[in-house]
Each structure stands twice: as C-alpha cells, then as structure tokens.
Amino acid sequence: MREIHLKAPRGWINDPNGFIYFNGKYHLFYQHFPYAPKWGRMHWGHAVSRDLTNWEHKDIALFPTKLDDKDGCFSGSAVELDGRLHLFYTGVKYSVYDPENINCCLNDQFISAQLHISSKDGYCFDNFGGKETIIPPLEDPEIGDRSHTRDPKVWHGANGEWHMILGSTAHGKGKFLFYTSRDLVHWEYKNSYSKDGLGWMWECPDYFTVDGKGVVIFSPMGLANGQQAMCAAAEFDESTCEMSLSDSVQYFDCGLDLYAPQSTLDKDGRRVVIAWLRMPEPMKNGAIGMFSIPRICEVKDGHIFFKPHPDISKKFTRKTDVPEKIYMVRSTLENGGVLNVGGFEIYPENGKLVTDRSAVNRGGEQFPDRSETPPIGEKCTLEIYVDENIIEVFVNGGEYVITNAVYGLTDKISGGIDTEIFAMEE
Ligand code: FRU
C-alpha cells in the first residue's frame, strides 16, 4: 500500500503523541477513543513506520488503569534513555461524570496529574505495573490550574538535565510551566511563562532549537477564530528555565483544521513536525481523524518555515495527466489566476493567497470555507499534497501552509502557471 497520511484505523483520533525515531523505526502514538467516532476516555493508539509513510498500526499502547488516569491518558511525549523508550503523559480523573456518556465529564470537572511509563522494545507497555505519577495534581492556582495542566513535552537539555514544558492556565491566560529532572522520575518545578492576548489555556506545548534558534509551538484555546496552533521564535535559558517569545507569533498553518502539532528529530537529525487534522465527518472507513504529512521546520530571518519532509516529496516522481488517489501538484499563481484542484480553489487576492473549499466542504461553522495567508505579494509558488480527505498547500517553499479537510474531490485539475501533476513512484 502506498500511503502518505496516517489515518484513524477505527473510532476517533486526535493529537499526535510520543513521536520518536527509536530502534530504526518512527513510532507515532496518538490520542484515541477506539469504540466510536467521537472523543471520549482517551487511550494511546500506536503506529510505526520506517520512512514516515506507510504506517503500520500496532496494539493500543496506553489505556486507563490507575486512579490518576482512570478517565483518560491525555497527550504527551517520548524520549529514549539507556535504550528504553520513556513516555510522559497526562492522567485524567473525572470529578463529575456525564450521566449520558461516562466517557466524558461535565463542565470541565476533572483533575490532571503527569505520569511516566517506559518500555524496552517500544511496543509493550505494562499498563498495570509500569505507571508512576511523577507530578501530582497542582495545589497552587498561582502556578497552574488543577484541571487544565497537561501535555508534557520532555527533551534533553544541552546542560545534561531533562526538561519538561507543560501547558496550563492562570488568571485567565495561557501559560507554560517548566520542570527539570536528572533521572526522568523526580521532577522539580522551576519557572513559568505567560503572554497576553493568546487565549486562556495553552495546549500541547513543544520547545526545540533549529540551528541554535529556539522555537515554541503551542495550541491556544480561546483565540478569536477558534482553536488554532501557533508558533514563535523563543529564547530559553536552561539554567533558570526562563523563556521569552518573539512578538511575531505565527499560525502553524493558515487553515483552521490543523491542531496540536508535535515534533521530534528525524533519523538524519532534522526537526520534523506532525499535526492532527480536525475533521467534521468520518472517512470512508467510518473512523475520524488523520495526521498531516511530516514537515521539516526551518527558521530564516526570524520566520518559521514548514516544508514537506523529503522522504514524502521524493516519492512523487511520476508525471501524470490523470490524478491518482494520492498526488502532488506543482504550480505558480499570479494576480488574477485561479488553480482548481478537484473543486478546491486557490487564488491570490489583495496580496494574500486564499483557498476556498465551498465545493468540497462538509463542515459547519468550525470548518469555514475560506482560509488565507498573511500578505505574500503578487506571485507565489505552490507544492500541494492531495489525498482523499486532505489538501496541504505549501506556499513559497513552506513560508506558509494551508491545510484543509475535504470531501468528494473530483479528478479535474485546472488553472495555474506551468501546473504539473505527480503520482507516487511505482
Ligand atoms: C488537544 C487536547 C490536549 C489533551 C488532549 C485530550 O487537542 O485537548 O490538550 O491532552 O487533546 O484528548
């Protein structure tokens, strides 16, 4: 099978979790409710791949067993230490159940703790004996919220310590919390960072450096146009855990559907990011949710670029006139031009690049037809990855990306300058 997107095998999926290259394979875990195509008591699904395409589904890795995670294993991350795979995640305990659906709680009445579990081979996790709570529910609301503190992302600092960033909220503003550890089990609270005007809670934070430059990715809740992942250049002092964010905060993606991105290092040491595609309706297999293609993160003149991972782009070698189920389109647009990809329209307008999915949309208000980039000028180059339910438009070599969920694309492609269609290698 030739695939470039990891898709829900059944039920529901959301955020990518524990993304890591471990023992010669990429492991991607994810938020998963296996019983129905809707969000509920979270498990960690699991898939592996040698080449970031062709994902192989594995058994569910994590499921609720302890008092601290009895109502869900929320998002988190992975690191390797001494040949073992270590996972960090948020365990959730509901205080008041929804009587009509005990997989959900009522009015955000839940408590969160941070947990750890490890595995020798990356496949078998001792859900009964291997979990430990490493950060109990917070007691001090000045530091962070007892319910809304979650999504640990752990990395090894250049100073030899392990670092953790958590998403949280205090005084109605989103917040990062920073912890350090020497052994991955004992963690000490160090510092926090908050900024006005970026929503009331920050989910799924991720911090890393690219060519020595710090980058933060996070998913704020409560932005004007809903939930949208953001990124910014950041400075982080490992010894004090003090962070500062540049004022030019960017959208991770200019569509409204991508959320909760998570990064890792690929096998060649590049920073690769993958994100969840929010979907209004299930796919043909009755399941809901998929992931973007992996993107390489680069920073140029303070701007954060996301480019298609070369392991994906290099597979599109066969020029064709008739698009197959999965294909890539290269084109250029100038003022007045329109590129139509199976009913999905792309055109410049007032110096911005606009997409319109009205002919191939199934969403309501949360899935608007129109998306647009910030101003980019008169002319732009496009590299577009198309699969049954997703279109990813990379503008000017990843300066901006617009990703949308789509339904019922036709096989007609028209417009644009020097438009070429590529199918995947045989
Ligand atoms: C983001 C998120 C995370 C949380 C998870 C629960 O989409 O809300 O903050 O850990 O999903 O499924």
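How far is an oxygen atom of the ligand from an N or O atom in the side chain of E203? The answer is 2.6 Å. This is a predicted model, where local features need pLDDT of at least 70, side-chain atom pairs count only at pLDDT 80 or more, and totals for chains, interfaces and linings use all residues. Residues are numbered from 1 along each chain as its sequence is written, and side-chain values use heavy atoms, with hydrogens and water left out.

**Around the ligand**
- The residues around the ligand (a heavy atom within 4 Å of it) are N14, D15, Q31, W39, M42, F74, S75, R150, D151, E203, Y259 and W276.
- N14 has a polar side-chain atom 3.0 Å from an oxygen atom of the ligand.
- For D15, an N or O atom of the side chain sits 2.7 Å from a ligand oxygen atom.

- The protein splits into domain 1 (12-310) and domain 2 (315-424), with bounds that come from an automatic or database domain assignment.
- Their C-alpha centres are 29 Å apart.
- Domain 1 brings 28 residues to the contact and domain 2 brings 29 residues; contact here means heavy atoms within 4.5 Å.
- Together the two domains bury about 2,300 Å², 57% of it on carbon and sulfur atoms. Buried area is the accessible area (1.4 Å probe) that two parts lose on being put together, summed over both.
- On the domain 1 side, C254, D257 and P280 supply 24% of the area buried against domain 2, more than any other three residues.

**Polar and charged links**
- The rule finds 5 salt bridges across the interface of domain 1 and domain 2, each being a side-chain nitrogen of Lys or Arg within 4 Å of a carboxyl oxygen of Asp or Glu.
- E281 and R362 meet through their side chains in a salt bridge, 3.3 Å from N to O.

**The domain 1 face**
- Strand 22 (290-291) and strand 24 (303-308) each supply at least two residues of the side of domain 1 that touches domain 2. Strands are DSSP runs (E, at least two residues), and helices are DSSP runs too (H or I, at least four residues), numbered from the N terminus.
- Strand 24 gives the most to that side, with 6 residues.

**A look at S313**
- You'll find S313 in helix 1 (residues 310-313).
- Leaving aside its neighbours within four places in sequence, S313 is in contact with P308, E383 and Y385.
- S313 and S119 are 194 residues apart in sequence, and their C-alpha atoms are 33 Å apart in space.

How values were computed: A polar contact is a pair of N or O atoms within 3.5 Å; within protein, one must be able to donate a hydrogen and the other to accept it, and residues adjacent in sequence count only if both atoms are side-chain atoms.
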